[in-house]
Each structure stands twice: as C-alpha cells, then as structure tokens.
Amino acid sequence: MNSLIYKALGVLEMGATPEPVENVVVRVEATGICGTDLKTVYKGHRFFTPPCVLGHEFYGQISKAPEGYAFPVGSWVVVAPYFECGRCSWCLNGHGDLCNDKAYVSSGSFTEHVGIPDGYEKGIFALGHKVNAADYDVYALTEPLACVINGIQRLEAKPGYSKVLVVGGGPMGALFALYYGQMGIDVSIVEPSEVRSSILSGWGIDVVKQADVKPGDYDSVVIAVNKASLVSDYLPLVRKGGCLLVFSGLPKGESLIIDAGAVHYSEISIKGCSGFGLEHFGKAFETIKADEARYRKLITHKLNLKDGQKAFELLKDAGAFKILLGSRF
Ligand SMILES: [Zn+2]
Ligand SMILES: [Zn+2]
C-alpha cells in the first residue's frame, strides 16, 4: 500500500509498505499532522527511528473484521492510537496517560490501512452514518483534544471565577481556547504571529499582547509552546493559589527556573501533562459531537498524502493550524 514514509531527518517520501496482517483493519480516511510528528521529522524522536510511517490522529472505515465483531465492516470509526491497561497503580489512580503497559495500534496512519490489535475494541469509537465522509473530518481532532482535556482537568478552572491565559496560539493553544470557550470560561491567548492572531480573533477568541497582560491576573496559565524559558516569563502572571501548566513537550534534562516564593508564599503550583487517558479520549469524542462546527474551523488545510513534505513545511512555518492528510484530498 502507499504510505508517506519518514525517510530521514527532514525527509518524507511516498513509498510502498506491507498491508497490515491483523484480523481487524481500518481504511484510513484522514490523519491530522500532530506537533509530535513535526518535532519527529525535523528534530528526531527516541521512539521513531526512520524509515517509518508516522501519524496517529486518524479516523476511517473498518475494512476487515471477523464475524460478530463489535464494529462491522463499513463502520466509520475514530481510533485512539493507544490506551492504558486499566490495572496498574497509575491506571487505578486515574492517570491512564502514565501507564507503562499501554496497547497501541500497530503502525502510523499516514498510509491507506492500519491494523488494529485483537482486544482493542475499547479504543474504537463509532461515528454513525453520515452520507458524506468529509463531515467526519473534524473527528481527526479527537486525539489532540483528548490531550488538551487531560491538561484542563489538572487546571480545575471554574466558570465565573477563573481567568485562563494560553501562551501560544498554535493548533493546541487554539484547542484550549475553543474548549474553555465552550465551557463558558474566560480565556485569552498570547500569540506573536499577526496571521495567527487575526484568524484566532476571527473565531471570537480574545488575543492579547504580552505587553498588555498584568502580573497576578490569571488563576491558570497554559504554556503551549515548547520553550522552557516561557515558564519563568509567565509565572509572575499567575495569581495566588493558581496553577501553571507545562503542556508543550520540553526536552528531558532541561531545567526550569522558577521563583521559590511563588511556590511557597503564593501557593502557585506547576503541573505538567503529556498525552491522554481513555477517559479523555471519550470526553473529546463527545465534546466534538456536541459542537462539530466549533472545532471544524481549526482544520485549515486538507492535502493528499503525496503532498506530505509540503504540508509539514507549511506547518513548520506556522502557515496553517491543523492540516489533514489523506488519499481523498
Ligand atoms: Zn497528536
Ligand atoms: Zn496501566
């Protein structure tokens, strides 16, 4: 089958890869390009050694399944790229994202077919019966929204009380703002790019300049840019008893410089989060279902798998929000 292969640092090329051998197979309709895919292609990643196929934010149609399978052939589904064991100490404490014994789909989804392991039904969500496949494209956002919901659960912002500042108006920062907006929580984004700022404002999101935000103004601050120094820059904006969330991935071994008095006297907590648990994935799925139009606008480009390299470059230069790749486009 035709796949977009991550060949070497900075290089993506179309090539043939073997068809999946699993008993259950999903024909991929579309896959979103994730920040992790972008980081992997341009900076490398310890889990993904080229040559390999990336992509995990996908949906599609069951194209092969045994008799009596919970999702018959032809069902439209969105699939969690992994889910937790449900039995270890982390899982039992509600931290499925930290589980060491996760189940994974067998390959990346920048391709035509993905194999689904036996016993994976919990990670599959049925989409229903729309006539036009394009109507389902928004569900490629389920995985990134699940990661955002994981972070939002840690912040515990409340309508009528909380003021949230999201640092970075890329696709993930925008998802935070869209979700908080849906919850009725006061949220603003700091985004230096004029192009992104005007698009975000057009969606009704409050965009502020860094110079205009006041110290102690926010009870929750989300760092949605992978730059460690932003933690020290934005910590003074968190009000007493508030929380700063390190959402974007920061390299292992890098240090954060934080004011000890902020943690002790002002009782500000600093939290991190990475990935999602199955509970967050389910919640993201229901959230999108409740207001598809709110999230659909985040998908600014849909390109054929063959244009993968171009799509990654567009995203690297911040020329897009979410890009979907698929054979249909
Ligand atoms: Zn992702
Ligand atoms: Zn577990």
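These exercises work through a predicted model of a single chain.

**Exercise 1. Find how far the predictor's confidence reaches, and which elements have the lowest and highest mean pLDDT.**

Step 1. Take the chain as a whole. Its mean pLDDT is 95. A pLDDT of 70 or more is reached by 100% of its residues.

Step 2. Go element by element. Helix H5 (residues 194-202) has the lowest mean, 93. Strand S8 (residues 113-116) has the highest, 98.

**Exercise 2. Describe the two domains and where they touch.**

Step 1. Domain 1 covers 2-129 + 298-326, and domain 2 covers 147-272.

Step 2. Inspect the contact. Domain 1 gives 6 residues and domain 2 gives 7 residues. On the side of domain 1 there are 3 nonpolar, 1 polar and 2 charged residues.

**Exercise 3. Explore the largest nonpolar core.**

Step 1. Start with burial. Buried residues make up 42% of the 329 residues. In soluble globular proteins, nonpolar side chains tend to be buried together.

Step 2. The core has 91 residues, and Val166, Val167, Phe176, Val222 and Ile223 touch the most other members.

Step 3. Trace the sources. Helix H4 (residues 171-183) supplies the largest share, 8 residues. Domain 1 and domain 2 each supply at least three residues.

Step 4. Zoom in on Val167. Leaving out residues up to four places away in sequence, its contacts include Val190, Val221, Leu230 and Tyr234.

**Exercise 4. Is Val208 buried, exposed or partly exposed?**

Step 1. Locate the residue. Val208 lies in strand S12 (residues 206-208).

Step 2. Count neighbours. Val208 has 14 other C-beta atoms within 10 Å. Buried needs 20 or more, and exposed means 12 or fewer. Val208 is therefore partly exposed.

Step 3. List its contacts. Beyond four places in sequence, Val208 touches Ser188, Val190 and Val213.

Step 4. Lys302 is 94 residues away along the chain, and the C-alpha atoms of Val208 and Lys302 are separated by 29 Å.

Note on methods
Residues are numbered from 1 along each chain as its sequence is written. Chains are lettered from A and ligands numbered from 1 in the order in which they are written. This is a predicted model: local features need pLDDT of at least 70, side-chain atom pairs count only at pLDDT 80 or more; totals for chains, interfaces and linings use all residues. Domain bounds come from an automatic or database domain assignment. Ala, Val, Leu, Ile, Met, Phe, Trp, Tyr, Cys and Pro count as nonpolar, Asp, Glu, Lys and Arg as charged, and the others, Gly among them, as polar. A nonpolar core is a set of buried Ala, Val, Leu, Ile, Met, Phe, Trp, Tyr and Cys residues joined through C-beta atoms within 7 Å. Helices (H or I, at least four residues) and strands (E, at least two) are DSSP runs, numbered from the N terminus. pLDDT is the predictor's confidence in each residue, from 0 to 100.
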